[in-house]
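Take a moment with the sequence and the fold before reading on.

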Amino acid sequence: MVEGVALEIRPPDPERAKRILKGIADFLERKGVDIKGDAELLIRHSESLLKGSEACDREAVMYGLIDVALTAYDIARKIKEASLRGKLSYDEKDVFTDEIYFLSSSFQREAMKNIEKHCGCRFK
């Protein structure tokens, strides 16, 4: 557990995800790591992905899945670099990296469920 940050282990809705990412970004900013722009971008991509999946827009979903994954990777890379420079502890790096990937994969899973529900597709 990282002191001063409460993380949740439930699939996020967009509003909760925004609060979680804002909390992570604020904490990291105090440590000298700027991910605010990337966190906002991750939320925008995630919201777009969910909207596309509800509308059965295949192109929006495919690009959305890629955008969410790449943005999460960019955030994780910045966290790792900060850890290597000594701005974050090993535990902080692990906790925040795990949380970023959990949030992004939750949106991706939700999009796949929406596609199955709204578009009649099945994924195994």
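Which side chain meets D38 in a salt bridge? The partner is K78, with 2.4 Å from N to O. Keep in mind that this is a predicted model. D38 has a relative accessibility of 13%. Buried means under 20%, so D38 counts as buried. K78 has 27% and counts as partly exposed.

A second salt bridge also spans the chain. Find E92 and K31, whose side chains meet at 3.1 Å, N to O. E92 sits in helix α4, while K31 sits in the loop between α1 and α2, so the pair ties together parts that are 61 residues apart in sequence. E92 is buried, with a relative accessible area of 10%. K31 counts as partly exposed, at 32% relative accessibility.

Now turn to a salt bridge within one helix. E81 pairs with R77, and their closest N and O atoms are 3.3 Å apart. Both residues belong to helix α3. They are four residues apart there, so about one helical turn separates them. E81 counts as partly exposed, at 33% relative accessibility. R77 counts as partly exposed too, at 32%. Elsewhere, salt bridges with shared partners join K22, D26, E29 and K36 into one network. How many salt bridges are there by this rule? The count comes to nine.

Next, leave the charges and look at the nonpolar side chains. How many residues does the largest nonpolar core have? It has 28. The residues with the most contacts inside this core are L21, I24, L28, I35, I79 and I100. Which helices supply this core with at least two residues each? They are α1, α2, α3 and α4. On the sequence, α1 covers 14–30 and α4 covers 90–119. Between them come α2, at 36–54, and α3, at 58–84.

Aromatic rings come next. A pair of aromatic rings is described by the distance of the centres and the angle of the planes. A search of the whole structure finds one aromatic pair. Its members are F27 and F96, with 5.3 Å from centre to centre. Their planes are 40 degrees apart. Is that stacked, edge-to-face or tilted? Planes under 30 degrees apart count as stacked and those over 60 as edge-to-face, with the rest tilted. The pair of F27 and F96 is therefore tilted. F27 is in helix α1 and F96 in helix α4, 69 residues apart, and the pair links these distant parts of the chain.

I66 lies in helix α3. Its relative accessible area is 44%, and it is partly exposed.

Finish with the cysteines. How many disulfides does a search of the whole structure find? The search finds one. It joins C56 and C119, whose sulfur atoms are 2.0 Å apart. The torsion about their S-S bond is about -110 degrees, so the disulfide is left-handed. This pair links distant parts of the chain, with C56 in the loop between α2 and α3 and C119 in helix α4, 63 residues apart. C56 is partly exposed, with a relative accessible area of 32%. C119 counts as partly exposed, at 27% relative accessibility. One more detail concerns the backbone at C56. Phi of C56 is near 60 degrees, a positive value in a residue other than glycine.

Definitions and conventions. Residues numbered from 1 in each chain as written. Predicted model: local features only at pLDDT ≥ 70, side-chain atom pairs only at ≥ 80, totals over all residues. Heavy atoms only, no water. Buried < 20%, exposed > 50% of the residue type's maximum accessible area, 1.4 Å probe, protein only. Core = buried A, V, L, I, M, F, W, Y, C linked by side-chain atoms within 4.5 Å. Phe/Tyr/Trp six-rings, centres within 6.5 Å; stacked < 30°, edge-to-face > 60°. Salt bridge = Lys/Arg side-chain N within 4 Å of Asp/Glu carboxyl O. Disulfide = S-S within 2.5 Å.
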